[in-house]
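Student: I have a model open and want to learn how to read its features. Where do I start?

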Amino acid sequence: MPIIKSAKKALRKSLKNRERNLVRKRSLAKTLKTFERLVKAKKTDEAKNYFPQVQKALDKAAKQGIIKRNKAARNKSRLSKFLKV
């Protein structure tokens, strides 16, 4: 445990940030899983309607630093291939 006052504050801050990031990460994972479930169930119309939400979630996660920009772009590209097949 930290002894110095500023280190204690930093620990509190990092724990809060960790909680916030975990919530955002779980939300993103849930969105991606829902989309993949729709694709596997061959519900293409619903998947096409849901895809903008997936893109928004990926972009938001990249902007917030949950994932990197290139990972978001790569995921969007790969997920859009599911719709074309």
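**Reading the salt bridge, the core and the surface**

Tutor: Start with charged pairs. A search of the whole structure, which is a predicted model, turns up one salt bridge.

Student: Which residues form the salt bridge, and how far apart are the closest N and O atoms?

Tutor: K76 pairs with D59, and their closest N and O atoms are 2.7 Å apart. The pair links distant parts of the chain. K76 sits in helix α3 and D59 in helix α2, 17 residues apart.

Student: Now the core. Why look for one?

Tutor: In soluble globular proteins, nonpolar side chains tend to be buried together. Here the largest nonpolar core has 17 residues. Those with the most contacts inside it are L28, F35, V54, L58, I67 and L79.

Student: Which elements give two or more residues to this core?

Tutor: They are α1 (5–40), α2 (44–64) and α3 (69–84). The largest share, eight residues, comes from α2.

Student: What is L79 in contact with, leaving aside neighbours within four places in sequence?

Tutor: L79 is in contact with L32, F35, E36, F51, V54 and L58.

Student: Which residues make the nonpolar surface patch?

Tutor: M1, L11 and L15 make a patch of about 350 Å². Take L15, which lies in helix α1. Its relative accessibility is 48%, so L15 counts as partly exposed.

How values were computed
Residues are numbered from 1 along each chain as its sequence is written. This is a predicted model: local features need pLDDT of at least 70, side-chain atom pairs count only at pLDDT 80 or more; totals for chains, interfaces and linings use all residues. Side-chain values use heavy atoms; hydrogens and water are left out. A nonpolar core is a set of buried Ala, Val, Leu, Ile, Met, Phe, Trp, Tyr and Cys residues joined through side-chain atoms within 4.5 Å. Buried means under 20% relative accessible area, exposed over 50%, partly exposed in between (1.4 Å probe, protein chains only). Helices (H or I, at least four residues) and strands (E, at least two) are DSSP runs, numbered from the N terminus. Contact means heavy atoms within 4.5 Å. A salt bridge is a side-chain nitrogen of Lys or Arg within 4 Å of a carboxyl oxygen of Asp or Glu. Patches are made of residues with over 30% relative accessible area and no salt bridge: like charges are joined within 9 Å, nonpolar side chains (Val, Leu, Ile, Met, Phe, Trp, Tyr) within 5 Å. Accessible areas come from the Shrake-Rupley method with a 1.4 Å probe; for residues, only the protein chains shown count as cover.
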